[in-house]
Amino acid sequence: MLTAFLACVMLSFGFGATSAWAAGETLQGTLTNNGAPVADVKIKAFSQDGASVGEATSDAQGKWSIPVPGPGTYKVDLDQSTLPSGVTVTNGRPSLTPAVAEGQQRNVLFPLGGGAGGATTGNSNQPAPSAPSEWNRVADLFYAGIHFSLIIALAALGISLIFGTTGLTNFAHGELVTFGALMAFLFNVTIGLPLVLSGLIAVAIGAATGWFQDRAFWGWLRKRRTNLVTTMIISIGVSLAVRYIFLYFFGGDSRAYSEYNAQPGVEIGPFTIAPKNLVTDAIAIVVLVAVSMALVMTRLGKATRAVADNPALAAASGINVDRIIRLVWTLGGGLAALSGVILAVYQNVSYQMGFQILLLIFAAVTLGGFGTAWGALLGSLVIGLFIQFSTYWIPSELKTVSALAALIVILLFRPQGILGRRQRIG
Amino acid sequence: MNWESIFSVSLESIIGSTTIAYALAAIGLNVHFGYTGLLNFGQSAFLGVGAYGIAITVSTFDLPLALGIAIGLAASVILALLLGIPTLRLRADYLAIVTIAAAEIIRLLYRATDLRKWTGASDGLQGFSQDFYALNPYGTGAGVNIADIITFSPRDLWILTVGWALVLLSCLVVWLLMKSPWGRVLKAIREDEDAVRSLGKNVFSYKMQSLVLGGVIGCLGGFVFALDRAAVQPDTYGTEFTFFAYTIVILGGAARVFGPVIGASIFWVLLVFIDSTLSEMSNNKVLPEWFMNTTQAGSVRYILVGLGLVLLLIYRPQGIFGDKREVMLDVR
């Protein structure tokens, strides 16, 4: 009776999107490139004597379907000239001849790969994109690494600052990342606002949630003098509950925003990059630089670093420690939400996207040195590049493994991280 | 609403095989977390190596089950050593991050399509439990049937017998060890590591022994889990497994010999009752579809466990049987 408990839940989410067409024989499929849907691709179907029976164009979700007159074997051609630039059919078979049984909705699979978009974590079982040339492949990996490290850095900065000022290793930070992406989805897809505006609203709500979390919960725990290990396990409970509340309301599917899907890449030197990713990179860099400057230059930033160094001494010198901590939570919530929106533009929204990158964020923070803001940025850069370049040698589904293994090896040799101080570790 | 089946599955889970597997996982975790103060967030990996140890040995390489059990136990010892060496000298939260990372690494390796010919990738492995059930002394009779509510087949009875024997054996070992001088050192490490070090004890070595002991007990849970299901599947051994085990340890009371066992029974009875009630309700359209469909009913258990863990730690960190003074761990 109790068997199949986890597996059953997991399995029941994966499907559901593929079986919603009308009765009658149909050829259908979903075109995705590393998890992102590929729209506007022409697919034609022919009967065995070569007569055309219909054609279809994939929609924003990458879905296409062609009703066929009856059971039999059909020839299905994917028009490769309509694929976004850089994207190819990875098995080199753009023409298939599936048999359709009576009343069957036959799924036809065209594995796609290449291009600038791509899933960075999770379970994409796509084979590695067939390399146009070695040099282009290295360039693409380099860019994907930079892009991914900016996403990690936004979240890692928040975790690192929260750890620095409160000592809490916040396992629920991944859910703040997901929360940002979900809020943008709510405003963009459900309500129908433009994505840019939805993203701004999501970041504002994320920051407000960070503030509110500390005001209502974490600050209250600090006042009760709940010790740090207990608080850390509490954050795990929060993470578990919140993640499945997301699942409850959002469902298990991975969904795209209404704009900027499957944007074709633009060639810039050796790189092929979708413009949306360049824009989000610019935003991330501006925000990261601004926050870093603020930490160094402004009075509040100095106060933040003082609290991170020694809360008691900071309090004695007239700094309102609770106010600083609340500020850090607000900032952390906003940065995490931004990270979530950018990640979702890159690889769609799902209820566990934040949790999937949480361990990589921890790896970045640990590598850079816990509690140091610069360390978080540096660590993110190293992890982001490492994770992408590791796919040069190992299958891409194992790239997370390589980053986590690197984390363990680093702890062996330099446990305080690149920029960390010895005293924090013992 | 089929109340009879709801009560039947709930009552059966007081001593059911899932309860046994989680009880063993929690007993091991209790050695780590309750007695030694180690934050092991990768207990699922120890169950995973146990389960895959027998599955790969028997199913992939066609070797005897006994060898599989030996390989599973050896793998859990090696895993404990690998996890302990980089982290046991560091502060507690480093162990937490490394263990959770290691558990994910192992799960992702089980899933990897390139290793399919050994691990079966995301489909897992089946067909390794025949030798175990061939030893079944209860024959093929009717098994146990109490008023048609609680029913166990001879197959169930055999796994329950072995499982509970393992649980009692583990409890006995933990009880004997914890009242020995060795156990007192572990508890002293939990309270004040520096004090123990200044008394000339090798703290690293004691922590490592604790990690190995708890890991091996967890590995036994993996055996029970895999043999009961007669299949292994990588996603069963995810992070949720570990956090369920944490909730069980804290519910029953950390640093108590029978805390995890009673915690596991209570946890699974509650969870199965709520779960099956909700799924009955959503299947029979008692709840409106917009409010809760079957998928959503499946996610409620995780929400409840998460909230339960938070509330327990805030309002009753010692759980049912624990002593509050013993669970005020801190790392700074």
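In this predicted model, 46 residues of chain A are in contact with 52 residues of chain B. Four helices of chain A, namely α1 (5-14), α5 (228-250), α10 and α12 (399-413), each supply at least two residues of the side that touches chain B. Here is a quick tour of that side, a helix pair and a sheet.

**The side of chain A that touches chain B**
- Helix α5(A) gives the largest share of this side, with 15 residues.
- Sorted by class, the side of chain A that touches chain B has 33 nonpolar, 12 polar and 1 charged residues.

**Helices α2 and α10 of chain A**
- Helix α2 (residues 134-166) packs with helix α10 (residues 353-368) at an angle of about 65°, and their axes are 9 Å apart.
- Angles of 65 to 115 degrees count as roughly perpendicular, and α2(A) and α10(A) are therefore roughly perpendicular to each other.
- Their crossing is right-handed.
- From α2(A), the contact uses A:Ile152, A:Ala155, A:Ala156, A:Ile159 and A:Ser160, while α10(A) brings A:Ile357, A:Leu360, A:Ile361, A:Ala364 and A:Val365.
- By class, this contact of α2(A) with α10(A) has 9 nonpolar, 1 polar and no charged residues.

**A sheet in chain A**
- An open sheet is formed by 4 strands in the order β5-β4-β8-β10, with antiparallel pairing.
- The edges are held by β5 (52-57) and β10 (95-96); each has a single partner strand, so one side of each is left without a neighbour in the sheet.
- Strand β8 (residues 75-78) runs antiparallel to β10(A), and 2 bridges join them.
- Opposite A:Ser95 in β10(A) stands A:Asp77.

Note on methods. Residues numbered from 1 in each chain as written. Chains lettered and ligands numbered in written order. Predicted model: local features only at pLDDT ≥ 70, side-chain atom pairs only at ≥ 80, totals over all residues. Axes fitted to C-alpha atoms, helices over the stretch in contact; angles between N-to-C directions. Parallel < 35°, antiparallel > 145°, perpendicular 65-115°, else oblique. Left-handed = near helix turned anticlockwise from the far one by under 90°. Contact = placed C-beta atoms within 7 Å. Nonpolar A, V, L, I, M, F, W, Y, C, P; charged D, E, K, R; others polar. Pairing = 2+ DSSP bridges.
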